[in-house]
Amino acid sequence: MSKKILGRTDVLDFPALGLFNIDVKMDTGAYTSAIHCTEIIEENNVLKCGFSSDVHQNFGDTEIVFTEFSRTNVKSSNGFKENRYKVKSDVVIFGKTYKINLTLSTRSDMKYPVLIGRQFLKQKFLIDVDLEQVSFKMKKQ
């Protein structure tokens, strides 16, 4: 299986979350992928998540309900461990839909609302840090 080449950043769609043209950063230093989530409420084995942002472009005001979710420990680059919710969703890259695990985190103070980590990238993609928005540019053609 040949691997597609992605740049260090891209603009991707997360159709199951109602999020389109979202700025993402490929983070080969991170194992897990993370997405900006503003509100998380767990009730009766259901996870209600708000995806909205005043800072991040194209983050509408959507609420998604997950019946399947888990929790995982994530260690940040500064060494702190955080227990986060993890959900499964879809991401579209080069016109193909892939399943992706996403941890939920408030990323209002970060430039990119989504980080794509090694767990998702491995065996599918190579990252060329000299490139940007490779999938998005192909979509526009």
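**View 1. A nonpolar patch on the surface.** Patches here are made of residues with over 30% relative accessible area and no salt bridge, and nonpolar side chains are joined within 5 Å. In this predicted model, Ile5, Leu126 and Leu131 form such a patch. Together they have about 240 Å² of accessible area. Ile5 sits in strand S1, residues 4–7. Its relative accessibility is 42%, so Ile5 counts as partly exposed.

**View 2. The largest nonpolar core.** This core has 31 residues. Phe14, Leu17, Ile35, Phe51, Ile93, Leu104 and Phe120 have the most contacts inside it. Several elements each supply at least two residues of the core, among them strand S2 (9–14), strand S10 (96–105) and helix H1 (118–121). Take Ile93: leaving aside residues up to four places away in sequence, it touches Leu6, Leu12, Tyr98, Phe120, Phe125 and Ser135.

**View 3. The hairpin of S8 and S9.** Strand S8 (residues 70–75) pairs with strand S9 (residues 81–93) in the antiparallel sense, over six bridges. Thr72 stands opposite Arg84 in S9. Five residues lie between the two strands. In the turn, Gly79 has a positive phi of about 95°.

View 4. Side chains of opposite charge can pair when their charged atoms come close. The side chains of Asp13 and Lys139 meet in a salt bridge, 3.0 Å from N to O. Asp13 lies in strand S2 and Lys139 in helix H2, so the pair ties together parts 126 residues apart in sequence. Asp13 is buried, at 12% relative accessible area. Lys139 is partly exposed, at 44%. Glu132 forms a salt bridge with Arg8, with the closest N and O atoms 3.5 Å apart. This pair also links distant parts of the chain, 124 residues apart.

Key. Residues numbered from 1 in each chain as written. Predicted model: local features only at pLDDT ≥ 70, side-chain atom pairs only at ≥ 80, totals over all residues. Heavy atoms only, no water. Pairing = 2+ DSSP bridges. Helix = DSSP H or I, 4+ residues; strand = E, 2+ residues; numbered from the N terminus. Patch = residues over 30% accessible without salt bridge, like charges linked within 9 Å, V, L, I, M, F, W, Y side chains within 5 Å. Areas by Shrake-Rupley, 256 points an atom, 1.4 Å probe, with all protein chains shown as cover. Salt bridge = Lys/Arg side-chain N within 4 Å of Asp/Glu carboxyl O. Buried < 20%, exposed > 50% of the residue type's maximum accessible area, 1.4 Å probe, protein only. Core = buried A, V, L, I, M, F, W, Y, C linked by side-chain atoms within 4.5 Å. Contact = heavy atoms within 4.5 Å.
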